[in-house]
Amino acid sequence: MIIKPKIKGFFCITAHPHGCLENVRDQVEFSLKHKLGLGVGPKRVLVLGASTGYGLSSRITAAFSAGAETLGVYLERPPVNERTGSAGFYNSLAFSKLAEEKGINTVEVNGDAFSVECKRQVVEEAKKMGGQFDLIVYSLASPRRTDPSDGKTYKACLKPIGSVYKNKTLDTDREVVKEILIEPASEEEISSTQKVMGGEDWLIWTELLIKEDLLAHGCMNLSYSYIGPEVTRPIYRNGTIGKAKEHLESTSQIIRKMMLESCSGNAFVSVNKALVTQASSAIPVVPLYVSILYKIMREMNVHEGCIEQISRLFREKVFAGEVIPVDHFNRIRLDDLEMNPDIQNKIMDLWPKINSENLRVLTNFDEYQKEFLKLFGFGHEKIDYSKEVNLQNPF
Ligand SMILES: NC(=O)c1ccc[n+]([C@@H]2O[C@H](COP(=O)([O-])OP(=O)(O)OC[C@H]3O[C@@H](n4cnc5c(N)ncnc54)[C@H](O)[C@@H]3O)[C@@H](O)[C@H]2O)c1
């Protein structure tokens with residue numbers, strides 16, 4: 001079958017397995033060139049949300065910069081007849097193939113990480129792997145969560161809190177800059193978003209891993225957050241998703257104590273940079289902000305993608321063999337370059353000037369579009385997209 005991108009809003013419903021393989025291979029090559037010091041990196045790692053974005057890069061860094069065996073958990077769609085699998089499905093297949101070639105053990109669990117069944121399967125697989133993890137990465141980004149304790153499905157939403165949000169945004173489909181007006185969230189929407197993207201499930205995972213004696217002495221437990229600039233503040237940090245992130249960050253204090261008491265371990269939230277991922281492209285205003293951010297950070301030669309961010313997190317922060325640098329709220333800051341006042345001031349200068357006509361001149365919207373297609377395996381220079389692909393056995 002010949003696969004073409006089929007974009008629906010902020011999602012692409014097809015994915016190209018060979019492009020996904022090359023994307024993963026690029027990250028693997030980066031990781032092999034940026035190895036961790038001998039004996040300092042993790043040896044057995046559990047990554048929750050391991051198939052795309054920051055979780056995938058965490059898994060690749062652990063495996064190829066530290067040689068760790070990894071258990072990857074994700075919720076991805078396999079191919080069915082003429083329907084392609086999801087990008088994360090092919091990324092994970094690609095990851096396993098490349099790890100196997102290097103003799104690195106990998107275990108896959110494709111299931112709903114919020115469910116009891118998936119948690120049970122992970123425990124079983126972990127025990128078969130030989131037991132204790134020395135690194136846990138919780139990198140789930142999901143639009144909904146069914147809580148097994150009450151059977152209810154909670155939906156996350158991206159809304160402001162308290163007042164209407166009015167700003168410019170980018171309609172990435174129609175390629176126009178327009179005004180957006182979003183009504184504030186109800187109390188129920190605020191608490192639902194926290195149920196999905198807050199710290200509750202991370203805590204449940206941690207309790208389970210402690211109970212099952214699956215944490216090695218000194219185990220590190222990480223999750224990711226975002227703060228972001230003034231222009232996205234009402235919709236992001238002060239909005240429903242920001243409230244959920246605040247909950248995740250405060251839960252990390254409880255988890256830290258549990259880690260310390262159970263295995264002399266530790267837990268941190270790392271605040272990462274805004275990047276084009278499946279999760280971030282769904283957030284209003286963020287695609288426009290990211291298009292400007294990419295332009296400015298590239299001009300200043302400080303641009304990083306997911307793999308560069310996570311490689312820096314592992315090499316310079318978590319596994320540097322020194323005290324981990326944190327801010328006043330005990331968070332690791334990988335968004336230091338993004339939040340540099342020089343960069344933010346340039347964004348604030350540009351923001352009011354941007355319109356549909358000058359979009360490609362004043363921002364890196366071209367790059368945004370390429371990065372978006374890349375998420376689904378399209379636009380890789382090494383791939384001949386006119387060739388037939390076997391969806392079931394692509395590699
Ligand atoms: N993208 C950004 O700009 C950015 C910036 C800072 C922090 N973060 C944070 O990083 C984390 C990961 O985000 P991302 O942008 O890499 O997202 P992503 O959409 O690329 O990845 C989400 C992952 O979660 C998995 N997943 C979703 N629902 C699941 C479920 N029910 N069960 C099992 N797996 C499930 C997916 O399969 C995928 O592996 C989030 O906490 C996000 O807030 C993202």
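**Close-ups of a predicted model**

View 1. Helix α2 (53–66), strand β4 (69–74) and strand β11 (215–225) each supply at least two residues of the shell around the ligand. (Helices, H or I with at least four residues, and strands, E with at least two, are DSSP runs numbered from the N terminus.) The model is predicted, so to speak with care: local features need pLDDT of at least 70, side-chain atom pairs count only at pLDDT 80 or more, and totals for chains, interfaces and linings use all residues. Residues are numbered from 1 along each chain as its sequence is written. The largest share of the shell, three residues, belongs to α2. Around the ligand sit 29 residues, with Gly49, Gly53, Ala113, Ser142 and Thr277 coming nearest; "near" here is a C-beta atom, placed from the backbone, within 6 Å of the molecule or strand. Sort the shell by class and you get 14 nonpolar, 13 polar and two charged residues. (Nonpolar is Ala, Val, Leu, Ile, Met, Phe, Trp, Tyr, Cys and Pro; charged is Asp, Glu, Lys and Arg; the others, Gly among them, are polar.)

**View 2. Helices α6 and α7 pack side by side.** They meet at an angle of about 10°, with their axes 10 Å apart, helix α6 covering residues 200–211 and helix α7 residues 240–263. (Axes are lines fitted to C-alpha atoms, for helices over the stretch in contact, and angles run from 0 to 180 degrees between N-to-C directions.) That makes α6 roughly parallel to α7, the term for angles under 35 degrees, with over 145 being roughly antiparallel, 65 to 115 roughly perpendicular and the rest oblique. On the α6 side, the contact is made by Trp202, Leu203, Thr206 and Ile210, and α7 brings Leu248, Thr251, Ile254, Ile255, Met258 and Ser262. (Contact means C-beta atoms, placed from the backbone, within 7 Å.) By class, this contact has seven nonpolar, three polar and no charged residues.

**View 3. Gly265 sits in the loop between α7 and β12 (266–271).** Gly265 counts as buried, with 24 C-beta neighbours inside 10 Å. (The cut-offs: buried is 20 or more other C-beta atoms within 10 Å of a residue's own, exposed is 12 or fewer, and partly exposed lies in between, with C-beta atoms placed from the backbone.) Met220 is 45 residues away from Gly265 in sequence, yet their C-alpha atoms are 5.7 Å apart. Leaving out residues up to four places away in sequence, Gly265 touches Leu215, Gly218, Cys219, Met220, Asn221, Met259 and Leu260.

**View 4. Helix α12 (residues 365–374) has buried residues Phe365, Tyr368, Phe372 and Lys374.** Their packing partners are α1 (17–33), α8 (286–299) and α11 (359–362).

**View 5. Asp213 and Asn301 have positive phi values.** Most residues other than glycine have a negative phi. Asp213, in the loop between α6 and β11, has a phi near 55°. It is exposed, with 12 other C-beta atoms within 10 Å. Asn301 has a phi of about 65° and belongs to the loop between α8 and α9 (306–318). Asn301 is exposed too, with 6 other C-beta atoms within 10 Å.

**View 6. Stepping back, the protein chain has twelve helices and 13 strands.** Its radius of gyration is 20 Å, close to the 21 Å that the globule rule gives for 395 residues, so the chain is as compact as a globular protein of that length. (The radius is taken over C-alpha atoms, and the rule is 2.2 Å times the number of residues to the power 0.38.) Along the principal axes, the C-alpha atoms fill a box of roughly 60 × 50 × 45 Å. Buried residues make up 47% of the chain's 395 residues. Of contacts between residues at least 6 apart in sequence, 76% join residues at least 24 apart.

Technical notes:
Contact = placed C-beta atoms within 7 Å.
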